[in-house]
Amino acid sequence: VMGAVESRGVLRRMSDMLEMLMKRMDILARLENSTDFHKGDEARFPLDRFQPAAGLMERIQAIAQNVSDIAIKVDQILRNSLLNGKVVEGRRDQCEVPRDPKYPDCAGKVEWMRARWTSDPCYAFFGVDGTECSFLIYLSEVEWFCPPLPWRNRTAAQPSPPPLPQVQAAFRNDFAHLLDLIGTGKESLSFMKKRIRHLAQQWLRAARRLKQKLKGRQRDQKHILIHIGFLTEESGDVFSPRVLKGGPLGEMVQWADILAALFLLGHSLRVTVSLKDLQSHLGVPPGRGNCPLTNPLPFDLIYTDYHGLQQMKQHMGLSFKKYRCRVRVIDTFGTEPAYNHEEYATLRGYRTNWGYWNLQPTQFMTMFPHTPDNSFMGFVSEELNKTERQFIKSNKVSSMAVVYGKEASIWKVGGKEKFLAILNKYMEIHGTVYYETQRPPEVPAFVKNHGLLAQTEVYEVARGFAPLQLFIGFGFPYEGPAPLEAIANGCVFLQARFNPPHSSLNHEFFRGKPTSREASLAGGERVSSQHPYAEDFIGKPHVWTVDYNNSEEFEAAIKTIMRTQVDPYLPYEYTCEGMLERIHAYIQHQDFCTTLSPPLPPKAKSPAMQSPPSPLALSPNATHLVWSPSASRDPHAWPPVDSLQVWVSETQHACTETCRQRGLVCEPTFFRFLNKKEVFLQLSITCDSTEYEMNHLYPAVAENVHECYLQKEPLLFSCAGYNTKYRRLCPCRDYRKGQVALCRDCL
């Protein structure tokens with residue numbers, strides 16, 4: 001479908017192309033007759049490639065004339081059509097741009113449409129034909145920049161489909177339908193389906209336990225789109241070809257577990273790994289992505305990644321801004337608020353290839369709990385049954401180690417010969433490095449390489465000899481699932497300490513990612529080792545973090561590990577039941593489409609008070625603030641406000657560390673209750689001045705000058721980050737044992 005101007009433009013371009021073709025044919029004809037061109041058998045190009053057929057020039061000229069005639073006739077037809085249309089419509093020649101203060105952008109949008117409406121066929125799809133009336137109809141009925149036209153028949157607008165009936169979610173007890181939904185055709189999809197089948201019984205047992213915990217609680221079934229953007233051809237899909245060659249599998253592990261959890265919880269799913277399917281499910285109109293969707297979004301939630309997020313933005317037009325609150329972004333390493341807010345990141349120089357989305361930071365869901373600013377999605381590790389645990393406990397010997405790294409490139413780490421030689425004095429070293437024909441030269445000769453094995457096969461092979469004692473990392477890959485799987489199988493994980501810690505400032509891997517992972521700047525968890533979660537949340541005796549450049553420290557660690565009896569251990573949050581709990585809670589309680597505002601505080605004693613009192617009160621020991629017993633409580637608030645504690649940080653501590661020191665976790669959704677001048681007074685903090693500014697460290701106080709600062713931009717509320725100038729106000733909460741993402745009453 002093309003409008004008048006676009007139709008004339010196409011014909012004009014055809015005429016120009018034919019004219020150019022004639023000029024080139026004329027040049028070739030002159031070349032044919034030139035003496036320089038004829039050189040017999042020594043000619044560089046054969047002449048018959050350039051000799052025009054008899055009469056070809058005349059034919060091209062005739063076609064060009066016909067196209068020109070057609071252009072004139074089409075122009076006349078279109079003009080007549082527009083004139084007739086105006087007569088039929090009655091008012092189409094009388095449209096004027098309305099001046100309504102409620103629609104301040106209307107005139108500017110009409111001006112844009114006049115100049116650019118042919119830039120995308122989607123406008124013609126919605127009926128735009130170059131007339132002023134068609135612009136106003138589109139801008140009032142398809143988009144929402146102009147007021148509705150009073151003379152328009154409102155029934156002419158396409159009616160919205162009726163809302164789907166609300167169905168209650170019911171736990172499922174079979175994965176067959178999910179495996180069909182995932183589809184075929186990619187090694188990555190085959191890997192995910194194989195993983196789901198392998199863990200099926202553990203998932204089903206976990207679902208039954210969660211069902212008992214919820215005691216028949218009503219849950220609405222959500223319509224959910226899962227679009228795995230990094231597997232689309234348009235994003236390059238670099239992962240699928242590497243599945244069978246030792247490539248990174250962490251993302252696919254996580255996506256497989258997300259699919260399994262959402263399906264078991266009883267929600268209605270659609271799975272896409274192609275741009276074409278994404279457009280079809282969303283209802284994208286034909287064109288280049290500048291127009292809104294043809295119908296209201298049929299999904300309550302969309303789980304995707306950064307690649308999918310970019311694809312949605314390119315093809316949803318204004319609908320992306322309207323519906324982005326329904327998106328959940330699976331983001332392996334996390335996105336800090338300072339990188340998420342486009343204006344702030346630009347002003348402060350937080351450069352990234354992936355940020356600037358202006359989403360709520362908790363819409364980003366990570367593989368590990370780097371920072372509470374994002375939601376912790378996680379994945380699952382296989383749990384051993386009682387028989388397997390007993391076998392490991394009774395048969396473990398201290399003679400076997402496996403190196404973490406399936407790609408030969410990982411073995412190129414400098415200095416590995418030195419510490420591997422020390423390890424080889426005490427243990428038999430095994431590797432699982434991929435190769436096709438020849439053993440990789442990067443792998444030392446004393447290492448027994450089994451070739452590429454799945455992680456579960458590593459332990460099965462090892463049990464043929466004796467249970468593994470040690471799983472050793474070379475420093476890369478960062479924060480993958482394999483160390484947790486090793487610890488769950490009774491291994492000790494040995495990893496290198498990074499000094500200085502790795503971050504976007506000093507390491508290429510993190511450069512461009514929307515996280516500095518540097519506590520002194522934007523402020524996430526520092527990457528002080530290959531696996532910070534294992535170091536901080538598990539620790540000894542299961543995890544040892546040492547300086548590989550210190551031979552004495554390394555050797556002493558090996559000797560101690562060999563003398564240590566370690567049982568299999570798996571944090572609850574990485575079990576099937578733990579992940580089901582989290583996702584259930586997120587779906588039931590996280591709502592980014594409703595604007596949050598603090599609940600009403602206790603009634604003021606005097607109507608003359610200029611500002612309402614804070615809903616917070618000093619704790620009995622006067623060290624921090626808690627929710628006032630007399631303050632109102634929103635029964636739908638999540639996390640529940642009773643879990644809130646307000647502490648003041650030291651100048652060199654982020655809120656993450658401040659809360660952790662007190663056995664709590666920082667909760668960014670509670671910042672809105674702290675962002676008041678009264679809170680400083682309640683904490684006996686003197687404020688000679690109080691300013692509202694954009695800064696991811698606020699609310700905070702510069703105590704040496706008694707200057708207090710409140711947050712101007714809610715998207716910048718951040719648990720991460722510190723500055724030696726400020727003491728920060730920190731919202732902390734309790735958490736369930738083994739489940740840092742949920743407070744005690746959050747389930």
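This is a predicted model: local features need pLDDT of at least 70, side-chain atom pairs count only at pLDDT 80 or more; totals for chains, interfaces and linings use all residues.
In β10, Gly 473 is the bridge partner of Tyr 404. Four bridges join β7 to strand β10 (residues 470-473), and the two run parallel. The briefing then turns to an open sheet of six strands and to the disulfides, which number nine.

- Strand β7 covers residues 400-404. Five of its five residues are buried, so β7 is largely enclosed by the rest of the structure.
- Its side chains split into two sets. Met 400, Val 402 and Tyr 404 point one way, while Ala 401 and Val 403 point the other way. Residues of both sets are buried.
- Met 400 has Glu 428 as its bridge partner in β8.
- How does the chain get from β7 to β8? The path goes through helix α16 (residues 416-424), and this β-α-β crossover is right-handed.

**The open sheet of six strands**

- The strand order is β2-β1-β3-β4-β5-β6, and the pairing is parallel.
- Which strands stand at the edges? They are β2 (268-272) and β6 (375-376). Each has a single partner strand, so one side of each is left without a neighbour in the sheet.
- Strand β1 (residues 223-227) is joined to β3 by three bridges, and the two run parallel. Ile 226 stands opposite Tyr 303 in β3.

**Disulfide Cys 122 to Cys 291**

- Cys 122 and Cys 291 are joined by a disulfide, with an S to S distance of 2.0 Å.
- The pair links distant parts of the chain, 169 residues apart. Cys 122 sits in helix α4 (residues 121-125). Cys 291 lies in the loop between α10 (275-282) and β3 (301-304).
- The torsion about the S-S bond is about 75°, so this disulfide is right-handed.
- Are its two cysteines buried or exposed? Cys 122 has a relative accessible area of 1%, so it counts as buried. Cys 291 is buried too, at 1% relative accessibility.

**Disulfide Cys 687 to Cys 708**

- A disulfide joins Cys 687 to Cys 708, with an S to S distance of 1.9 Å.
- The torsion about this S-S bond is about -80°, so the disulfide is left-handed.
- The two cysteines are 21 residues apart and link distant parts of the chain. Cys 687 is in the loop between α24 (677-682) and β18 (689-693). Cys 708 is in strand β20 (residues 707-711).
- Why does Cys 687 count as buried? Its relative accessible area is 17%, and buried means under 20%. Cys 708 is buried at 0% relative accessibility.

**Disulfide Cys 743 to Cys 746**

- The sulfur atoms of Cys 743 and Cys 746 are 2.1 Å apart, and the two residues form a disulfide.
- Is this disulfide right-handed or left-handed? The torsion about its S-S bond is about 100°, so it is right-handed.
- Cys 743 and Cys 746 are both buried.

**Further buried cysteines**

- Cys 491 is buried, with a relative accessible area of 1%.
- Cys 576 is buried as well, with a relative accessible area of 0%.

Technical notes: Residues are numbered from 1 along each chain as its sequence is written. Side-chain values use heavy atoms; hydrogens and water are left out. Buried means under 20% relative accessible area, exposed over 50%, partly exposed in between (1.4 Å probe, protein chains only). Two strands pair if DSSP finds at least two bridges between them. A crossover is right-handed if, with the strands pointing away from the viewer, the path from the first strand over the helix to the second runs clockwise. A disulfide is a pair of cysteine sulfur atoms within 2.5 Å.
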